[in-house]
Amino acid sequence: MFETLILMLDATMRVSTPLIFAALAGLFSERAGIVDIGLEGKILGSAFAAAAAASVFGSAWIGLCFGIVASICLAMIHGFACITHRGDHIVSGVAINTIVAGLTVTLSMYWFGMGGQTPALVGDARFLDITFPFADAIASVPVIGPIYSNLLSGHNILVYLAFAMVPVTYWVIYKTRFGLRLRAVGENPHAVDTAGISVAFIRYRALIICGILCGLAGAYLSTAHNAGFLKDMSAGKGYMALAALIFGKWRPVPVLLACLLFGFLDAVAVRMQGVEIPGIGQVPVQAIEVLPYVLTVLLLAGFIGKAIGPKAIGRPYVKERA
Amino acid sequence: MSQAKVPAWVNVALIPLLNILLAFLVSGLVILAIGENPIEAAGYLIYGAFGYDEGIGYTLYYATNLIFTGLAVSVAFKGGLFNIGGEGQAYIGGLGVGLICLSLDHTMPLYVIAPLAVIGAAVFGAAWGYIPAYLQARRGSHIVITTIMFNFIASSLMVYLIVNWLKEDGRMAPNSRTFEENAWLPYLHELFSPLGINIGDSPLNLSFIWALLCCVFVWGLVWHTRWGYQLRTLGTNPTAARYAGIDTAKVTIWAMLISGGLAGFVGLNEIMGVNHNLLLNFTAGYGFAGIAVALMGRNNPIGIILAAILFGALYQGGAELAFELPTITPEIVVVIQGLVILFSGALEHMFKDRIEGFFIRRAVA
């Protein structure tokens, strides 16, 4: 039983990692007042760029850089449409998701000709698992052993980075001047403008951070979690991150917990396949798979708590002129 | 006020055309970047879509789905609602069609099944639009997020239903049994051949005519009824709508019911018209493509028909293109679709202000 739990929590950490990156990315963007439906597209774009660059240069780190750059470019298109040209945030996000879904397959066919995949990544082209010191020595100690050597040790660097990003995000959002201005821009851009601070510049910077974090999520998918890019490999993770962001009410720590919950549900769904529960019978996998979305809808509907987003979210800011 | 001085054709034709040309220009650059000649590619595309009878049939078959989803998105748009859940509503609408066909095809003739299937598609699609609409209107949750969530819920629900309940016994393939032939919507080439008109075999079926009727229906409803006026008022200025005594919650819910019902008709074309069984993922992104169609068609039924035919031509011509030029995949069409959404949707103000400014200055001078 304990063994099973450790295994499931281990899987939870792996599945949650891209969600955490992407949800924090959404947090920066949405706290600054920019709705980001385009998380999905940025993850997919970065996953492709990272896998393509990693397979050409044979280095996961170079892949990661390309992934981040690709994701930032997409975030800047979003910014150009939403901030500079006052376009609809949702339409722009849908546009980015659609373009990326088509472009990644088109380009990978052109470059690699493998039916929309990139070549399988081996060796240094992937982020490999890190084993903590003494992990093998402690493994046989009861309770602490499995927790240390199976659950905490043995993940790749991006997993640890994702968890580390949560306190960093907390610090940036709540403890720095930039974070204060970013939140202000999302709540009341007029006040920020009156104080002589550029609303557009802050929003662009929030989107750059959003791009970097989505880039990490995408690179994790294609160069750490899997060994290469597959068509549509983001498979709705961006939308699920959006759900986690709302479920965590746009705050870093609750968002982390929401991501872990959704990741855990995913691990449960895999585990429950074909398992009979006494008294209930077989629980269909799909019933567990939809729980993140159902829970988010229930939360939005105000049945479990209340989700209130940043006030100025989704509205373009037009500077008043005399 | 300044709007009055800008000639109508600028807003109706010039700016949309400019945005679309820009989208095609960038698409051409993408094709150039993967080492093909965009002019040559366009040639194959146009020939594939319009060059021969079957090609035209396929183009109009794809356009049928896009008219339904385009209308769905635009009815919601008119009320200021962004229905991003056309995909899920179409999926569930298809379930309605499938259930009617599966339960009646042994006993009833087509003229009984077809109207019931139309009702089934509308009711099931509308039901899937109702919940997000209710939550938006009465409980203040954001419709964009809930409709996205409902797309995923629909997808899981359909997998569960088909795999566990509707799958044919003893088969591995996740789809229902094939309907009896009296539950198949007739193909247009079959309908026309007794009249001596030969239009080539294609999946184009009776639901195309239904799609055109839906355009007339939406045109009448939105522009020529009291409810349509309320809908447009809500979309233009919700505060004014409330002050005018319009029950905005009710209009919101009805707008989404109609929108969901229209999206559900995709099931009519796909399930009853072409596949003749209930299967997974038959919606294939038409729900999202409907956003591009609605944006390009300026939320106007005529515009939507034109935009749907254009996108249908891209789907059909894209398949032909991928066949002729092996380095190009059919996904290039998805890129073009995305660029159209970007330029005529998200970046619609990019030229608008400058061009309008130019005409205002000219009118003043």
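How far does helix α15 (residues 332-346) of chain B reach from its first C-alpha to its last? In this predicted model, the 15 residues of α15(B) reach 20 Å, close to the 21 Å expected at 1.5 Å a residue. The expected span is 1.5 Å times one less than the number of residues in the helix. Helices (H or I, at least four residues) and strands (E, at least two) are DSSP runs, numbered from the N terminus. Of the 15 residues of α15(B), 15 are buried, so the helix is largely enclosed by the rest of the structure. A residue is buried if 20 or more other C-beta atoms lie within 10 Å of its own, exposed if 12 or fewer, and partly exposed in between, with C-beta atoms placed from the backbone.

Because the model is predicted, local features need pLDDT of at least 70 and side-chain atom pairs count only at pLDDT 80 or more, while totals for chains, interfaces and linings use all residues. Residues are numbered from 1 along each chain as its sequence is written, and chains are lettered from A and ligands numbered from 1 in the order in which they are written.

Chain A contains 14 helices and four strands. Its C-alpha atoms fill a box of roughly 75 × 50 × 40 Å along the principal axes. The radius of gyration of chain A is 20 Å, which agrees with the value near 20 Å for a compact globule of 322 residues. That radius is taken over C-alpha atoms, and the globule rule is 2.2 Å times the number of residues to the power 0.38. Buried residues make up 51% of the 322 residues in chain A. Among contacts in chain A with a separation of 6 or more, 76% join residues 24 or more positions apart. Two residues are in contact if their C-beta atoms, placed from the backbone, lie within 7 Å.

Between the chains, 34 residues of chain A are in contact with 37 residues of chain B. On the side of chain A that touches chain B, α4 (89-112), α11 (237-247), α13 (285-289) and α14 (291-300) each supply at least two residues. The most come from α4(A), with 14 residues. By type, this side of chain A divides into 21 nonpolar, 10 polar and three charged residues. Ala, Val, Leu, Ile, Met, Phe, Trp, Tyr, Cys and Pro count as nonpolar, Asp, Glu, Lys and Arg as charged, and the others, Gly among them, as polar.

In chain B, helix α9 (residues 226-236) has the buried residues B:Q230, B:L231 and B:L234. They lie on the same side of α9(B), because they cover an arc of only 100 degrees around the axis. The arc is that of the directions from the helix axis to the C-beta atoms. The buried residues of α9(B) pack against α3 (53-78), α8 (207-224), α10 (238-243) and α11 (248-264) of chain B.

B:F124 sits in helix α5 (residues 110-139) of chain B. This residue is buried, with 26 other C-beta atoms within 10 Å. Leaving aside neighbours within four places in sequence, B:F124 is in contact with B:I92, B:G93, B:L95, B:G96 and B:G264.

In chain A, A:V172 belongs to helix α7 (residues 157-175). A:V172 is partly exposed, with 17 other C-beta atoms within 10 Å. Not counting residues up to four places away in sequence, A:V172 touches A:F178 and A:G179.
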